[in-house]
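Visitor: I would like to learn how to read this model, one feature after another. Please show me the general idea each time, then the case at hand.

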Amino acid sequence: MTENLIAPPYFKRLKAQRVACLTYHKHPGENWPEDEFYPHQVTLPSGEQAELKLAERGHCLSNGLWVREIRKLTQKGHQTSIIGTDYRSDMIPLAVAMFARWSQENFFKYCREHFGLDKLVDYGTEPVSESTEVVNPAYRQLDSQIKSSQGKLNRLLARFATLTLDAPIEPKKVEPFLQKKAACQEEIEAFQEQIKTLKEQRKRVARHIKVKDLPEKDQFEQLSTQSKHFIDTIKMITYRSETAMANLLRETLTRPDEVRSLLRAIYSSEADLITDHEQGTLTIRLHHLANRSYDEAILKLCNELNTTETQFPRLI
């Protein structure tokens, strides 16, 4: 949520209920002096250590509510701002929580690219709950007509504004110009009247209706969600497992940004699966990768995984 016409009263209502808010400030105004920013060592949710240059001030919203404003200064001099009504917490945890929000977007981006998070599991459909509210098709049609007419009106107004008489003021020149101007004015008035009528019609139509009230021709079903939710849960658990292994490898590699690509290389490489039914063990023997540093990093990862003594129920 950004600070707009809704945010200040929303902040005030939640504050009255003793609920603290923290949000990105989209339009923070003028930059603060750079000498207000001091470096702080922080630990990101991924476990990485980073240095953030932070500064804090009080900020008064349009409704008179005072909030905390915390800004981060980037290496290029850009200032990113957050505001909140948590007056007690230390500045650093608040900054880390908000400025690390990109990790959520990176999660979905990575899962779409490498885990197929958005892929269909099946093509089955299921009925939509009758109590679900959807946009009224009649409202959508009227709204589309209004936007189309408004676009045409804007182009006419722009054309009307450019109509000027550059030639000398003579009857032969002025008369055609006035006729052209009048014709354009008539078109503008016609569109204005049409838009006014459409808006009046739209006011009398509900914007949202329940699925059960949809006309028969607009009835629809939704894709089956049960199996997709189950598969997506497995994918997210897999991602968390990969993240745990990435945190172990990050300390070993000289370039931490290569951790994910190294793990993907391990997953796609050949391996020997050795089972011992008497001992109840499964040994996974990996083949050597492209360079020695990768092998050393994987050796440490394997040692860490072995210490967990993970139990596989089917082997017991």
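Visitor: Which residue in strand 5 is the bridge partner of Glu69?

Guide: Strands of a sheet pair through backbone hydrogen bonds, in a parallel or an antiparallel way. Here the partner of Glu69 is Ile83 in strand 5. Strand 4 (residues 66–73) and strand 5 (residues 79–84) are antiparallel, with six bridges. Two strands count as paired if DSSP finds at least two bridges between them. Strands (E, at least two residues) and helices (H or I, at least four) are DSSP runs, numbered from the N terminus.
This is a predicted model: local features need pLDDT of at least 70, side-chain atom pairs count only at pLDDT 80 or more, and totals for chains, interfaces and linings use all residues. Residues are numbered from 1 along each chain as its sequence is written, and side-chain values use heavy atoms, with hydrogens and water left out.

Visitor: In what order do the five strands of the open sheet lie?

Guide: The order is 1-5-4-3-2, with antiparallel pairing. Strand 1 (22–25) and strand 2 (38–43) are the edges, each pairing on one side only. Neighbouring strands are turned by 40° against each other on average, direction ignored. Axes are lines fitted to C-alpha atoms, for helices over the stretch in contact; angles run from 0 to 180 degrees between N-to-C directions.

Visitor: Which helix packs on this sheet?

Guide: Helix 2 (residues 91–99) does, touching strand 1, strand 2, strand 3 (49–60), strand 4 and strand 5. Its direction makes about 70° with that of strand 4. Contact means heavy atoms within 4.5 Å.

Visitor: At what angle do helix 6 and helix 7 pack?

Guide: Helix 6 (residues 226–250) and helix 7 pack at about 115°, their axes 9 Å apart. From helix 6, the residues in contact include Tyr239, Met245 and Leu249; those in helix 7 include Val259, Leu263 and Tyr267. The contact divides into eight nonpolar, one polar and three charged residues. Ala, Val, Leu, Ile, Met, Phe, Trp, Tyr, Cys and Pro count as nonpolar, Asp, Glu, Lys and Arg as charged, and the others, Gly among them, as polar.

Visitor: Where is the hairpin of strand 10 and strand 11 turned?

Guide: Four residues lie between the two strands, and Gly280 in the turn has a positive phi of about 70°. Six bridges join strand 10 (residues 271–276) to strand 11 (residues 281–286), which run antiparallel. Asp276 stands opposite Thr281.

Visitor: How much space lies in the largest pocket?

Guide: Rolling a probe the size of a water molecule over the atoms shows where empty space is left. The largest pocket holds about 1,100 Å³. Of its 28 lining residues, Leu282, Ile284, Cys302, Leu305 and Asn306 are the closest to its centre. Helix 8 (292–307) is among the elements that give two or more residues to the lining, and gives the most, with seven.
On a 1 Å grid over the protein atoms alone, a pocket is an open set of points with protein on both sides within 12 Å along at least five of seven lines; a cavity is a set where a 1.4 Å probe fits but cannot get out; lining residues have an atom within 4 Å of a point. Grid points are joined across faces, edges and corners, and a volume is the space filled by probe spheres set on the points.

Visitor: What is the volume of the largest cavity?

Guide: About 40 Å³. Its lining includes Leu120, Asp122 and Lys228.
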